[in-house]
Amino acid sequence: MTPETFLQSLLATQGLSTEQERELQAHKKEVTDFLRAEFGNAPTIKYAGSREKGTMIAHQYDLDIVCYFPSSDTRSLKEIRQDVATHLEKKYTIHSRASAERITHLKGISAPDGYHIDVVPGRFIEGTKDVFLHVGYGEKERIQTNLKTHIDHIVNSGCVPVIRLMKLWACRNNIGIKTFILELFVVRALSGSRDKANLTRSFRQVIETLNDDFGALQLIDPANTNNVVSRSITPPERGAVVRAASDAMDKIGRSDDVSDWRAVFCESSISAGPVVGATIIRDRPNQGFSPRPAWSS
C-alpha cells in the first residue's frame, strides 16, 4: 500500500452509513417542523455547513440549520435570535454559541460523541441574498455574510477530499480549529496547485503551509471582505495548530512509509475498535474539533 492508496482508503471509511444519514435527515425534519410550527412560513430554513459543502466526515459531525427571516422583519437581530432561542427551549436543551443556538442531548445512537445541531438565526438584507447574523460575543454585534457564497467557495474549490482528510487529522489529534477556518485555509493553501486530486501531495502541502503560515495568516470571509474570520483564533490556538502541523511534518515530510502516515492519523490507537457503519466505536477522548457556524455554518 502506498500513502496515496492509504489516504483514499481512509476517506472511504468516512462516508455516513445509511443509518446515520437517515437519523440526520430525521433530526433536520424534526427541527424544521418544530420551527415551522412556531414561526409559520416566514423564515427560510435549510441545511448549511459541512452537510451542504460535502465536507462531512463520519468520525465527527454535527448538523447546521439556518433560520433566516425576511428583510421586512422589523425586529432587531438580537430580538430575532432571542425569540428563536426561547421557542427552541420549549423542546430542547440549548446552549448559545457566537451566532448559533446549539441543540444538545439529541435522541439517537448512531451519531458520534458530541453530535449536536446548530440553529443559526438571521435576517435577509433587502434586495440581496446576504444576511445579517447576530453575534453574541466578540468585537461586533452583527456580521453580514452569504451562505450560498460560502458553499460555492468550498464546493467549487476542488479541495473537498483534502478538507475531509484535514478534518479527520484534526479530530484524531485533538486539534481545536473551527471547521470554516480549516476549510478556508485548505482552499488558500492549495490555490496554486494543479494537482489537488493527488491526496498525498495536497495533504503534505497543507500541513507544510499550516506549519509555516498559520501563526500569522489572515483569512477573509469570501462573502464579505470586512469579516476577518481568523480574528476568532486565539494565539494559544494558533500555536497548538502550528505545533501539531510541525509534528506531522516530522513524520511524513519526506516519507513514503505508510506506517508514518498511519501514525499521523492515529491509526494505531484506533484500529482495534469495532466498526458500526463507517464510525469507529470506542472510548474516545475529547476530540477538540467541533464544527461551529460562527461565520458560515
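## Overview

Helices here are DSSP runs of H or I at least four residues long, and strands are runs of E at least two residues long, both numbered from the N terminus. The structure described in this report is a predicted model. Its chain holds 11 helices and 11 strands, and buried residues account for 55% of the 297 residues. When contacts in the chain between residues at least 6 apart in sequence are considered, 69% of them join residues that are at least 24 apart.

In soluble globular proteins, nonpolar side chains tend to be buried together. In this model the largest nonpolar core has 48 residues, and the members that touch the most others are Met166, Trp169, Phe203 and Phe265. At least two residues of this core come from each of helix H1 (3-12), H6, helix H7 (179-189), H8, helix H9 (235-252) and helix H10 (258-264). The greatest contribution is that of H6, which gives nine residues. Apart from this core lies another one, of 24 residues, which includes Ile65, Ile94, Ile103 and Ile117.

Leaving out residues up to four places away in sequence, Trp169 touches Ile175, Phe203, Ile207, Leu210, Ala244, Ala245, Ala248, Val264 and Phe265.

## Helices H6 and H8

Two packed helices are described by the angle between their axes and the distance between the axes. Helix H6 (residues 160-172) packs with helix H8 (residues 199-213) at an angle of about 55°, and their axes are 10 Å apart.

## Helices H2 and H4

A second pair is formed by helix H2 (residues 18-39) and helix H4 (residues 77-88), whose axes come within 11 Å and cross at roughly 115°. The two helices are therefore roughly perpendicular to each other, and H2 passes H4 in a right-handed crossing. The contact involves Phe34, Leu35, Glu38 and Phe39 of H2, together with Asp83, Val84, His87 and Leu88 of H4. Five of the residues in this contact are nonpolar, one is polar and two are charged.

## Helix H7 and its surroundings

Helix H7 is largely enclosed by the rest of the structure, because 10 of its 11 residues are buried. These buried residues are Thr179, Phe180, Ile181, Leu182, Glu183, Leu184, Phe185, Val186, Val187 and Ala189. They pack against helix H3 (49-53), helix H5 (147-155), H6, H8 and strand S8 (220-221).

Cys159 belongs to the loop between H5 and H6, and it is buried, with a relative accessible area of 0%. Although Cys159 and Val186 are 27 residues apart in sequence, their C-alpha atoms are 7.1 Å apart in space. With residues up to four places away in sequence left out, Cys159 touches Val186, Val187, Leu190 and Lys196. Asp213, in turn, lies in helix H8 and is partly exposed, with a relative accessible area of 37%. The C-alpha atoms of Asp213 and Phe185 are separated by 9.9 Å, and the two residues are 28 residues apart along the chain.

## Leu10 in helix H1

Leu10 is part of helix H1. Buried means under 20% relative accessible area, so Leu10, at 4% relative accessibility, counts as buried. Leu10 and Leu168 are 158 residues apart in sequence, yet the distance between them in space is 9.2 Å, C-alpha to C-alpha. Once its neighbours within four places in sequence are set aside, Leu10 is in contact with Leu165, Leu168, Arg172, Phe265 and Glu267.

Notes
Residues are numbered from 1 along each chain as its sequence is written. This is a predicted model: local features need pLDDT of at least 70, side-chain atom pairs count only at pLDDT 80 or more; totals for chains, interfaces and linings use all residues. Side-chain values use heavy atoms; hydrogens and water are left out. Axes are lines fitted to C-alpha atoms, for helices over the stretch in contact, and angles run from 0 to 180 degrees between N-to-C directions. Angles under 35 degrees count as roughly parallel, over 145 as roughly antiparallel, 65 to 115 as roughly perpendicular and the rest as oblique. A crossing is left-handed if the near helix is turned anticlockwise from the far one by less than a right angle, and right-handed if clockwise. Contact means heavy atoms within 4.5 Å. Ala, Val, Leu, Ile, Met, Phe, Trp, Tyr, Cys and Pro count as nonpolar, Asp, Glu, Lys and Arg as charged, and the others, Gly among them, as polar. A nonpolar core is a set of buried Ala, Val, Leu, Ile, Met, Phe, Trp, Tyr and Cys residues joined through side-chain atoms within 4.5 Å. Buried means under 20% relative accessible area, exposed over 50%, partly exposed in between (1.4 Å probe, protein chains only).
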